[in-house]
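Subject: Structure handover

Hello,

Here is the structure I promised you. Please open it and keep it beside this email while you read.

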Amino acid sequence: MVSLPSTSATAPTANAGATVPLQQDAKVIGLVGLAHASSHFGHLLLPLMFPVFMKEFGLSYSELGLLMTTFFVVSGVGQAFSGFVVDRLGARPLLFLAVSVFALACVAASLVTGYAGLLAVAALAGMGNATFHPVDFTILNQRVSGPRLGYAFSAHGLTGNLGWAAAPVFFASFSLAFGWRTAYLAAAVVYLLVLAVLVLHRDQLSTQVARRVPSAAGTNPEHDMAFMKLPVVWWCFGFFLLSTMTLAVVQSFAVSILKAMHGVSFEAATLTLTGYMLCGALGMLIGGFVAARVANSDKVVAWAMSAGAVLLALCGAGVLGANATMVVLAATGFAVGIGGPSRDMMIKKATPKGATGRVYGLVYSGLDTGFAISPLVFGVLMDRGWYGATLLGAALILLLSVVVALGVGQRTRAA
């Protein structure tokens, strides 16, 4: 196995001990959860206003799609590199910067006058989103005591889903009352409030930084990118890419598929998508208890993703009626959500000491990659009217992620 630089402490950490007060761990988990919710809130800064942009600026669906591709490409590339910065400077400075960039993106969005401005906002928001996962997981892994990490990962995923759920309500309310430009300014204020809370409690967010020391007596230290030689890191990347492709199908096409296959109303289809997200949040909450008690995280992930794939395949096969399809599709979110905390625990176990930011940055860039390419791949099936095949294809991709998850566990245990 490739050795990596050891870690030089610059701040106290709680991960190794089991006697840390619950209140201290809960405070760290809450602060990181607030930050994570704000990042998922930022995922929807532009998509929720697509109908407005089409009317205001005469944009096509292809032009709107390019906005999100820009967002996720910038976020994915930035995420892979931000992990190196986290390991060198600590997580806290990048967390403050990320929230500030999202606030700036909101202000910029309120001032746009055309498509070029929207592209700039997409790139700026992608930059803000890029650092969150390496930052969040570095803080959680270092500041939360080991026995409570499963619950911490559960809360992390739960708050992310809540951020997704809050965005439509927020923008719909403010846009209706004050106009869409004012809605973006209000969102900027929300980010500044989040930043103020994080700065006020900054002592809970400090982390260790990696200091390069000789890997053996008389030898040179390992290169910062030595972790990339580990096959398990790329297996983790592959898992995130595949599993996120399925999530992207549900987020991007579920409403259209339900309307086309079963004649479901737009309101009912949208409610189903909301149900999927809320069921996912509930699954993550329960999954936290599972992750804290089951040692083989990869097995939990495999069972959860397999159940989700079966449920998704039932929806795509067309054997269920409209109401049953909506219920089963929402239940898919619950099945996948249960595996969320164990997934994060699986990545932790595969991460070499002193490389948390770098590994999480690279691995979670697979998430952005999946979001970026999935609409392009499955959009071809949608254009041909193969709606059931789109869901069946997403189920197959999710089953492939099961194989990869088991591969991660096998290689982690072997190492």
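A search of the whole structure finds two salt bridges. A salt bridge here is a side-chain nitrogen of Lys or Arg within 4 Å of a carboxyl oxygen of Asp or Glu.

One joins Asp 25 to Arg 148, with the closest N and O atoms 2.7 Å apart. This pair links distant parts of the chain, 123 residues apart. Asp 25 sits in helix H1 (residues 22-43), and Arg 148 lies in the loop between helix H6 (132-143) and helix H7 (149-178). Helices are DSSP runs of H or I, at least four residues, and strands are runs of E, at least two, numbered from the N terminus. Asp 25 is buried, at 0% relative accessible area. Buried means under 20%, exposed over 50%, partly exposed in between (1.4 Å probe, protein chains only).

Arg 343 and Asp 344 form a salt bridge too, at 3.1 Å from N to O. Both residues are buried.

A note on the source: this is a predicted model, where local features need pLDDT of at least 70, side-chain atom pairs count only at pLDDT 80 or more, and totals for chains, interfaces and linings use all residues. Residues are numbered from 1 along each chain as its sequence is written, and side-chain values use heavy atoms, leaving out hydrogens and water.

Now the wider picture. The protein has 14 helices and two strands. Of its 415 residues, 55% count as buried.

Phe 171 has contacts (heavy atoms within 4.5 Å). Beyond its neighbours within four places in sequence, Phe 171 touches Phe 41, Leu 45, Leu 48, Met 49, Ala 183, Tyr 184 and Ala 187.

Best wishes
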